[in-house]
There are 2 protein chains.
Amino acid sequence: MATIKEVAKYANVSVATVSRVINKKGYVQKETQTKVEEAIKALNYRPNNVARSLFKKQSKMIGYIVPDITNPFFPQLVRAVEDVTVAQGYTTFLCNSDDNLEKELMYLNKMAENYIDGVIIVSNHMNESHLANLQIPVVALDRVFHESIPSVTIDNYQEARRAVMHLVENGCEKIAHISGPENIINSQLRKKAYQDVMMALERPVYISEGHYQMKTAQEATFRLLHEQKDIDAIFTGNDVMAVGALKACTKLGINVPKELQIIGFDGIEWTETVSPEITTIAQPIYEMGKKAATMLLNRINGKEEGQDHIVFPTELKIRETTTH
Amino acid sequence: MATIKEVAKYANVSVATVSRVINKKGYVQKETQTKVEEAIKALNYRPNNVARSLFKKQSKMIGYIVPDITNPFFPQLVRAVEDVTVAQGYTTFLCNSDDNLEKELMYLNKMAENYIDGVIIVSNHMNESHLANLQIPVVALDRVFHESIPSVTIDNYQEARRAVMHLVENGCEKIAHISGPENIINSQLRKKAYQDVMMALERPVYISEGHYQMKTAQEATFRLLHEQKDIDAIFTGNDVMAVGALKACTKLGINVPKELQIIGFDGIEWTETVSPEITTIAQPIYEMGKKAATMLLNRINGKEEGQDHIVFPTELKIRETTTH
DNA sequence: CTGTTAGCGCATTCAC
DNA sequence: GTGAATGCGCTAACAG
């Protein structure tokens, strides 16, 4: 790789001039400019981003911390964010945290060490105190960390209520819930929404823990239907578990949605790969990623400050696991 | 962020000494070492990786070029590679190429500009000439670029033959194929395997193009079954299309596997989320990623050279869309 | 054992 | 308009 020095020598100018034409900054005669450009082409020169980062204290890289890219929710999100940041010349620094706070903090450090320009974080355990020392702009996705940290989320409680109400409106009598992990706040909100609706309607509550996972949810469904044979609807804490519930029903020979209705939460692709296709509360994943990225870029460029907390609406996608 | 200079001043030593304790390199008295360590702690110092990269010409970052992280095949792969590289202190630089050669080359440049230490590439269009100028170690995944570029792959042709033979052995008479894109070599190999087996057995050939996508494959299946009602088996060029084919059958009320058998290719998670679960030729995705990462790290550390071409075996996972 | 110094490649003053 | 000089934070000779 050629350096700016070599280009300067080749073009018979100083490195400062080369720098000027590269960055289109400051005055430079047209003649010398073309001379430099030719030199750049001739030597196949590319500016070294590491040296540039060192000087400017920014790297043109955006960091992402997600629990696990293997979880079908995140690829879409990462992709959305990337689509808007690459257009501005940023590249992607990806970190899988396994929902482990220690790893998250370790990665945050790595980012600081690399002059990462901004971070998008999906985390269930992080809070404002962990970000206090960090000089880097941050946008929280999927969960609000603190009023001082800008965020992009949905209203998990209200939208979960809507899911349950959809089942109620479809005439379901005995509605069960397969819940997500205890230590994930969104999962708890969705569960509480279910409980509250049932309470208000004076209906019995049937809850089984599914850990946000397909296999576990399938077993949870077996348990549920074994103990309580007349359950006629299930609201699962996420779509992955809805797939598990559906599989359980299929194995048990239960007709969905005629005998039992299912509604999920999230809007991931899996809901459309299975048959019957799963009714769900769809988060506008792509839009959310896009918005988070835009907010982050604005903050990086100093165009925007303060603490926006964007709450996106969801869409009830009525498909084939509910009757209407 | 504190710098090495500040630490040196705080500890009353030179920056060289600080550097020595950070890197555990060279001799340093125990006393001064503890003094430095205290200073580091007191100032909450973290070495700046950008400055370090500039000097050492390596960044402790591994680059990935994949067509699209949204494609369910890649998250597992990226994750596997990451698992072994993070353990060695590397971080992840992720690039989605959309299977677009121009983007791939652009990202390759970005990597060079950032002193990325090594690259894992999944690409259908890249070849040796594009990598010629690159100084960075590369491992190709999923496809062989050139004998000089180490690679980790499977034998697409032979394994696809095995898929078709499985259908034949199950007694299927009229076997169709839903093919992937024309310009993807693996897709072509799988198609050719199908054609060759049919030819050898003097069976008719039914091919419909599914572009590696679920929706398209679903339509392709509709077309196929409309034109040729007595098809009793489908081999799809990948699992995503197998899901599409299965959905088509479900909509048509065709009993899978009794009336029609389906076998896919790849071994992605989707094959286990649907009902019936899809029989497939499963690539050991995680193992492949792990192997590729290990090869890459060895090359980065100069431990290994030459051009390994690892071909992994696959596993025929007989599930519910075929009879045996 | 420890300190001084010279770059790594670039962007930015400040002279000219 | 352009060039020379300085420093971003760090590592690796080289002295001592």
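1. Two strands pair if DSSP finds at least two bridges between them; strands here are DSSP runs (E, at least two residues), helices are runs too (H or I, at least four), and both are numbered from the N terminus. With that in hand, look at E2(A) and strand E2 (residues 91–96) of chain B: three bridges join them, and they run antiparallel. Phe93(A) has Phe93(B) as its bridge partner.

2. A quick word on what you're looking at: this is a predicted model, where local features need pLDDT of at least 70 and side-chain atom pairs count only at pLDDT 80 or more, while totals for chains, interfaces and linings use all residues. Residues are numbered from 1 along each chain as its sequence is written, chains are lettered from A and ligands numbered from 1 in the order written, and side-chain values use heavy atoms, leaving out hydrogens and water.

3. How many residues does each chain bring to the contact? Chain A brings 48 and chain B 47, with contact meaning heavy atoms within 4.5 Å.

4. Together the chains bury about 4,400 Å², 53% of it on carbon and sulfur atoms. Buried area is the accessible area (1.4 Å probe) that two parts lose on being put together, summed over both. On the chain A side, Val50(A), Arg79(A) and Glu113(A) lose the most area to chain B, together 15% of what that side buries.

5. Now the charges: the rule finds eight salt bridges across the interface, each a side-chain nitrogen of Lys or Arg within 4 Å of a carboxyl oxygen of Asp or Glu. Asp68(A) forms one with Arg79(B), with the closest N and O atoms 2.9 Å apart.
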